[in-house]
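Please read them with the sequence and the model open.

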Amino acid sequence: MIFLLERFLPAVFRGRPNLLFILVVMSAVWTIPNGLFGQDSIQFNRDIRPILADKCFACHGLDAANREADLRLDTAEGSREEHYGSAAVVPNDLEQSQLWIRINAEDPDERMPPADSHKIISEDEKLLLRRWIEEGATYQKHWSFEPPVAVKLPDVSDGISNPVDAFIVDRLRREGLAMANEADKHILIRRAAFALTGLPPSPAEVHAFLLDNSPDAYEKQVDRYLESAHFGEEMARHWLDVARYADTHGLHLDNERQMWAWRDWVVQSFNGNKRFDEFTVEQLAGDLLPEPTLDQLTATGFNRCNVTSSEGGSIDAELLYRYAVDRTSTMSQTWMGLTAGCAVCHDHKFDPVSQREFYSLYAFFNSAADPAMDGNTLLTEPSLKLVSQADQEKLDDLARQRTGLLEQIEIQAAQIAYVDPAGIQPRPEAVEVETVWMDDEFPPGSQAKASPGHPTTFVSVTDGSSVFSGERALKRTDAGLAQDVWEQASTPLVVPADATIFAHVFLSADSLPQTIMLQFYKNGWLHRALWGDYGVIPWGAPNTTEKVSMGPMPEAGRWVRLEIPVGKIGLQAGDLLTGFAVTQFGGTVLWDKIGVTGTSDPASDPQQSFQAWWKQVEGKDVPGLPGELNAVAKAGPDSSPDEKMRDRLLAWYLHTVCSETRPQFAEIDSQITQLDTARDAINMAIPSTFIYRNVPQPRDSFVMMRGQYDKPGDKVEPGIPAILPPLELASDTSRATRLDLARWLVSPDHPLTARVAVNRFWQQFFGTGLVKTSGDFGTQGELPSHPELLDWMAVKFRDSGWDVKELVRLIVTSGTFRQSSRMTSETFTRDPENRLLARGPRLRLDAEQIRDNALFVSGLINLEIGGKGVNPYQPENIWEPVGFAGSNTRFYKQDSGPALYRRSLYTFYKRTAPPPFMMNFDAPNREQSCTRRERSNTPLQALQLMNDVQHVEAARALAQRMLIDGGATADERIAFAWRTVLSREPDAIETATLKGQLEQHLDRYQKNPEDASRLVMLGESKPAENLAVPELAAWTLVASTILNLDETLNRN
Amino acid sequence: MRTIQEQILAGNRRNFFGDVGVRLGGLALGMLAGESVFGNGVGARPADRVHPPLPGLPHFSPTAKSIIYLHMNGGPSQLDTWDYKPGLQEYFDKDIPASIQGGQRLSTMTSGQSRFPVAPSKFKFEQSGESGIWINKELLPFTSEIVDEISLIKTVHTNAINHDPACTFVMTGSEIPGKASIGSWLAYGLGSENNDLPAFVVFTPQFPSDSNGQAIYNRMWGSGFLPTRFNGVALRGSGDPVLYLPNPDGVSRTDRRVMLDALEQLNHRTLENFGDPETVTRIAQYEMAFRMQASVPDLTDISQETEETMTMYGPDAKVPGTFAHSALLARRLVERGVRAVQILHRGWDQHGSLPYQLGNQCRQTDQASAALVRDLKQRGMLENTLVVWGGEFGRTVYSQGTLTKDDYGRDHHPRNYCMWMAGGGVKGGYVHGETDEFSYNVVENPVHVNDLNATILHCLGIDHERFSFKFQGLDQRLTGVEKQKVIHEVLA
């Protein structure tokens, strides 16, 4: 083959292009999207660099450590340097160029690239290299590092007003192609509605649009969508993929994390048309802005979206290193389209980002304040509480009322004529006492908690359960370790003298636990008594009072009284307990009436004698006692305190501790409890969100050898790659900050940011970016199909003040976007991927859009914006088989009511088991930044759309709308559905097809009405009662057919 | 009437499991294989395959057509199963010599321990089979009877010391989430022979409730950067075996046929209107879904299995969701031409109560693992099915927490652990590699996780160096960017 080319090629190139040339170039069109068609001279960036980068740079590129024969081909100087008397490239002299000689060498030992690289230079590529050398072998900086220049619009006249179209038409003409006609109006409005809001247009919108014959009817419709609150939701969806947003930590336990306020901030930013430069700066460095607002701090959540771990045994330094690398790579890919990840381990073989430069970027993120271990908590600091004005006012009001009640307590206490038994003569006699801590309720003024997934449950005599005492008993069934916990008591339990703790337990004989345990909190959970298998409880130092074996399991099938002499578990008279827990391993356990017995000598009983109590707490901190009173109490009774303070302390004692007087405050206590409950409810509802900050003292950063966290090499300072414009510092401090980095990214002379952003927006609307590899603008990425258009838009975007809505308007109002997507055999064969855009985009809807569409057209949708993630329908056993036993996202708890019908953007995203309706349609798992989703077409998708309860219920709801609102005849009803779902009227064949289907279903369901009722009862919403069930069932399958249509599932 | 697009596609059908759009990796392979990658951007593929292989694959004649990968999640103790160290008895409760420990990285769960006392295995080891391989026969009585079928590798080592990264590493060749799993690679490269079932199927059976069950992650069978249609499909033990498989309540197979007939007619009109070949694919996918609704229940219906077979797998084999049931279904899948099956069994993380918990773990898996190998052999399928058994790392010779002769725990140990392979071109009755007397360091023939994966690919006819996918500027490989080697010694 080489031989043949040698003979024929000169003729090819000297003459006019002949058939062979055209064939070669035609093939190249599809591998190198911008092609060579109509181009005269070789351009290094377009034609040569991709070949050298793929075949040669691994050994002859930037990476000095792996450079062979000291030859580099990525620079002109390197290529011309002489080695043993010859150079790789001698301009204009093919015969003297070693590159040419070596790639054509017959001897396998001579030939390049070497066989073990498995790289082969094709004949097409050889042709290009040959021409390049013959034409002088000029080099260019990689295209994306050259600043974009707004080229003059191509002169294509013909009344083309949108600049986008000028570029597209210009290229099409050079290819001998033309734009397609504009799509039909009903297609157009549906396309624009999905593109801009992620939802279909309503039939009313379509109707009005079809009637509007003004020349700018479409532009006006686009403007309405740009102003819709759903615009931000649709735009945010794409950004969430890039930012790797999710609702769990992602590693190990994969517990819930709270940062949905950041997601809502993204939605609001797009709705408010926040400038893209501000959008950038606030996310990367909002915390470093002067007096940052809550919004600006919320924005920094971008850099907290990465996966984190709290796996026991992990090494902090390793995790911190990983987080910083992830943040660096994500920033780099998101804003610069550079896959800096490779430079983690070695000099980037293809792109001019050295390992040292990567770690200079990394140095910006290596001082993050969040800990290595996320703690498996909802809020891993730093976080921000987002208190609204209204909530703050409510909280202030509750606090005022509470203060009032506390004052009232003091007044009421002052009126009590208290006589301290310690001062009574003769000394009162000791008596037996019993204090009950739990019977029907946990003690007041505390928090009750339970193992994740299984809430605390009381059973009652009224439901036929066995109860030992009172009305209710605590019940729990679990396969493993589980417990109910009562803690943070404001009124501690006091251990009397000679105390024995008791509890009543009922073990199920059919479902016997391996172990049961009682546990008490006194400055720590360090007092445990357990029955049964000692080994299965992992807590507490064995054979100490932290973990005491009380013997075998009690008898099952009846109530048994358990008793623990307190000394056995390390407690003594006067101890204040602020929590207890009942624990089991497996089985079913009922607990009831837990308390303590003992004796009380009034004169020395801290619950009766103020003096005795005060003596007891001397030198200790008293839980729940306000600071200044605590100091008094701690100083002891002999410290002769201020009289007023003493009285206040007594008042507190009488209210809180004294067994005789405490009941007098029951009424006021219950009022306080109500206030506290209201306060806690507000506080619980107030979201917090992860934010990003630096540690006060920046950490030193080093080049990490081979990307290993424990192999630091040279120290580096924050900085940027040399190939890019210099970093300007805001202040004259020597060290560059993240704010400097963020501002540098959006500085006017940065060659990448605007291009990368514009390209991603383009991808959003056309399915493929002008640069197809939207996450890779480096030398391994594809070249832009329309470089001039990309640059023109990038400059325009930047110079417009980074105006996102204006850019979006420009794109979606272009004739290019508005073209019919119909493929002819010519356009299909010529350009299957539609890179030349001789037709409009036809794209399968994204995962969220598919579900939202079904909800919307069926009328089920709940369009509420923002808030905590929700759990819609999900098949059983998606979370559970992968969940860690201790994870709080082990069990999926499906929501009910309106939350089921929220837009998919708000679906809770568990990273280790993402929502199947999302995964099935190519959504990423959000573990890493994703700049482009696949669009697959699988049978699993068909199964979901036919059988998922979500879609079946939507079909039924749509069928119901057809029956109630759609008219009286089948024809009218079908037309109604067609207008609702497809924004158009059905034709006669379509109607006939569905009517034929309907007849068969009707017949069958009239004969089998019980099947009909089973079908229409699926889903949580219920069908209207006045409808004939067999008819509704038959229409449900018709509606399901409509929801499964290819036309429905596509933005046509 | 056929449209132009249908005609084009008839001769060059797209992958039923998804739009093809073969990216650069595939394209490059196509070029290497000398096949056309031009025209419509899709390399020529076998026309009647739902899961066609990439052009040019396999690279050479495979010794295994399918793989069943038994992943024991948590880190099974090599010291208490396969790596027999009789000399340790005299070291009971003595600190591991510094010369052995060598200042290696420890997990922070034990790095704070003041002592590192040696815990010899409490179990009795015996030599088994004609090959005389040492094995803990107390816990692995059934496996001990198939040792002549296996290659035991005693020197597998990994980079990661914690579960999440180590699991991600053994399955995807990288500790960082985002890479493709081994099953996804195989589905991508080799496709599958079965047109009615997914190419890569995963089971996540139950595990003992009182064992220490670590989490597993969808990414362990995820496609990472590969198109998502190469994700493993989790066949579930409870609920529908395939998500959304059955028709809704009240909808019969006949109803579905009626609906699909209407749908197809209407979609043909869409095809006429828009001329998009994706519409053809969609029509075919709905038909495939309809077929799967029949083929999957057929797969999971084990009522025709013989008494003998059921006895061999043990009583659990009748219970959906158990390891034994999964193992039986794994054989049925491979029998139907499915390329890759993976069973991920949890609970092997014995930091404490090791002898007790390990007993439970083995009881759930030993009989069925051995039965699987025997069953495959009886049916003549073992010679082209590769069975792999192992976890993500090993465990330390020194005890974590309580240490008595009968009770101890062990921390994570990435420096050596045991895995075995059987069938599919692997030697039987062979032991590869040796560790020191404390099972703490490799002394002979280390096998990195990536070497092991390279070997697995090799058995399936793939040269791991030539099997790549362009992503983030790199030619991504299952076996990473470093040089890896196929372990030729274990190959028959």
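**Notes on the predicted model**

1. Confidence in chain A. The average pLDDT of chain A is 89, and 95% of its residues score at least 70. This is a predicted model, and one stretch calls for caution: over residues 1-39 of chain A the pLDDT stays under 50. The model still has 47 contacts for that stretch beyond four places in sequence.

2. Confidence in chain B. Chain B has an average pLDDT of 86, with 89% of the residues at 70 or above. In residues 1-47 of chain B the pLDDT is below 50, yet this stretch has 114 contacts in the model beyond near neighbours in sequence.

3. Scores for the whole model. Both ipTM and pTM are 0.76.

4. Make-up of chain A. There are 1052 residues in chain A, and 59% of them are buried. Its secondary structure consists of 37 helices and 22 strands. The C-alpha trace of chain A spans about 130 × 85 × 50 Å along its principal axes.

5. One position inside chain A. Is Gln819(A) buried or exposed? Gln819(A) lies in the loop between α27 (815-818) and α28 (825-830) of chain A. It counts as buried because its relative accessible area is 0%, and the cut-off for buried is under 20%. Beyond its neighbours within four places in sequence, Gln819(A) touches Met179(A), Ala180(A), Asn181(A), Glu182(A), Ala183(A) and Arg191(A), among others. Its contacts also include Leu837(A), Ala838(A), Arg839(A) and Gly840(A).

6. Extent of the interface. How many residues does the contact take from chain A and from chain B? Chain A gives 100 residues and chain B gives 93 residues. The area buried between chain A and chain B is about 8400 Å², and carbon and sulfur atoms give 55% of that area.

7. Charged and polar pairs across the interface. Between chain A and chain B the count is 10 salt bridges. A salt bridge joins the side chains of Asp1046(A) and Arg282(B), with an N to O distance of 2.5 Å. There are also 33 residue pairs in polar contact between chain A and chain B, both residues being at pLDDT 80 or more. On the side of chain A that touches chain B, the residues divide by class into 38 nonpolar, 36 polar and 26 charged.

Conventions:
Residues are numbered from 1 along each chain as its sequence is written. Chains are lettered from A and ligands numbered from 1 in the order in which they are written. Side-chain values use heavy atoms; hydrogens and water are left out. pLDDT is the predictor's confidence in each residue, from 0 to 100. Contact means heavy atoms within 4.5 Å. Buried area is the accessible area (1.4 Å probe) that two parts lose on being put together, summed over both. A salt bridge is a side-chain nitrogen of Lys or Arg within 4 Å of a carboxyl oxygen of Asp or Glu. A polar contact is a pair of N or O atoms within 3.5 Å; within protein, one must be able to donate a hydrogen and the other to accept it, and residues adjacent in sequence count only if both atoms are side-chain atoms. Ala, Val, Leu, Ile, Met, Phe, Trp, Tyr, Cys and Pro count as nonpolar, Asp, Glu, Lys and Arg as charged, and the others, Gly among them, as polar. Helices (H or I, at least four residues) and strands (E, at least two) are DSSP runs, numbered from the N terminus. Buried means under 20% relative accessible area, exposed over 50%, partly exposed in between (1.4 Å probe, protein chains only).
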